[in-house]
Amino acid sequence: MFKLTIYLNLKEELKREPFKEIDLKIPLKDLDLPENYYPEDKDLDIKLHLLKDKDGYVITITLNTTINMSCDRCLTVFPQKFDFTESIVFTKNLDKHQELTEEDLYSEYLEDEEKFNLNEFVREEIIVNTPMKVLCSEDCKGLCPYCGINKNEESCDCEIKMRRKESPFAKLQKLLK
C-alpha cells in the first residue's frame, strides 16, 4: 500500500512574506494512526497558518472532521468528532550545551526546516486531541464482564447471579436444601 508523505519547506514557504495560510487535503489512511482509529477512504481538510518567528516558526493547525473509533467500554465503532485549533511553536535546534529556559518547555524543536513532515505533525495533533477515554456516549453501559453482551443493546442478569454466588452468605443457601 502506497502512503503519501507531505513535506513542507518552511524556509521556502516564508521566504517572501512573514506568514502564510495553506489549505490542504491529506488522506486519512496516510497518517498511520494507532489501531483504535478506523481510518476511512476520505481526506482530512486541514488549514495551516505558518508564521515566521525570531527563533523558528509558529504553526497553527485547524481541523474539523470525524474519525471512526472504537468505544473503550462497549467496543462499538462510532464517529468521533475532532474540532480543534492548536498553535505550536517550533524552534530550531538548540546548542547541546545551552541551558533550557521555561519558554523552551512550551516549544517543539525543528530538526529540518526545509523538510517538515506534515503527516507526522497532523497525526500527533489528532492523537493529542483524542480523549483519554473514548466513549460512544457519556452514558455508555459497556459490555457485561460475564457473558460479553453489549449492555446498550441488551440486558442480562449475570451480575445479580454472580453477586449471589460470590456473596459470603451464599453458603447459607446449602443449609436451606
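The structure holds 0 disulfides, a disulfide being a pair of cysteine sulfur atoms within 2.5 Å. In general, such a link is a covalent bond between the sulfur atoms of two cysteines. The model is predicted: local features need pLDDT of at least 70, side-chain atom pairs count only at pLDDT 80 or more, and totals for chains, interfaces and linings use all residues. Residues are numbered from 1 along each chain as its sequence is written, and side-chain values use heavy atoms, with hydrogens and water left out.

Cys147 is in no disulfide. Its nearest cysteine sulfur belongs to Cys158, 3.6 Å away. With 40% relative accessibility, Cys147 counts as partly exposed. That class lies between buried (under 20% relative accessible area) and exposed (over 50%), computed with a 1.4 Å probe on protein chains only. Cys156 is likewise in no disulfide. Here the nearest cysteine sulfur is that of Cys144, at 3.6 Å. Cys156 has 34% relative accessibility and counts as partly exposed.

The largest nonpolar core comprises 37 residues. A nonpolar core is a set of buried Ala, Val, Leu, Ile, Met, Phe, Trp, Tyr and Cys residues joined through side-chain atoms within 4.5 Å. Leu48, Phe116, Leu118, Phe121, Val122 and Ile126 touch the most other members. At least two residues of this core come from each of β2 (19-27), β4 (43-52), β5, β6 and α2 (118-128). Helices (H or I, at least four residues) and strands (E, at least two) are DSSP runs, numbered from the N terminus. Strand β5 supplies the largest share of the core, 6 residues. In soluble globular proteins, nonpolar side chains tend to be buried together.

Phe116 lies in strand β8 (residues 116-117). Its relative accessibility is 6%, so Phe116 counts as buried. Contact means heavy atoms within 4.5 Å. Leaving out residues up to four places away in sequence, Phe116 touches Ile6, Tyr7, Leu8, Leu10, Ile59, Phe90, Leu110 and Phe121. Phe116 and Leu8 are 108 residues apart in sequence. In space, their C-alpha to C-alpha distance is 5.0 Å.

Strands β5 (residues 56-70) and β6 (residues 77-92) run antiparallel and are joined by 15 bridges. Two strands pair if DSSP finds at least two bridges between them. Thr65 stands opposite Phe82 in β6. The hairpin of β5 and β6 has 6 residues between the strands. In this hairpin, Leu75 takes a positive phi near 65 degrees.
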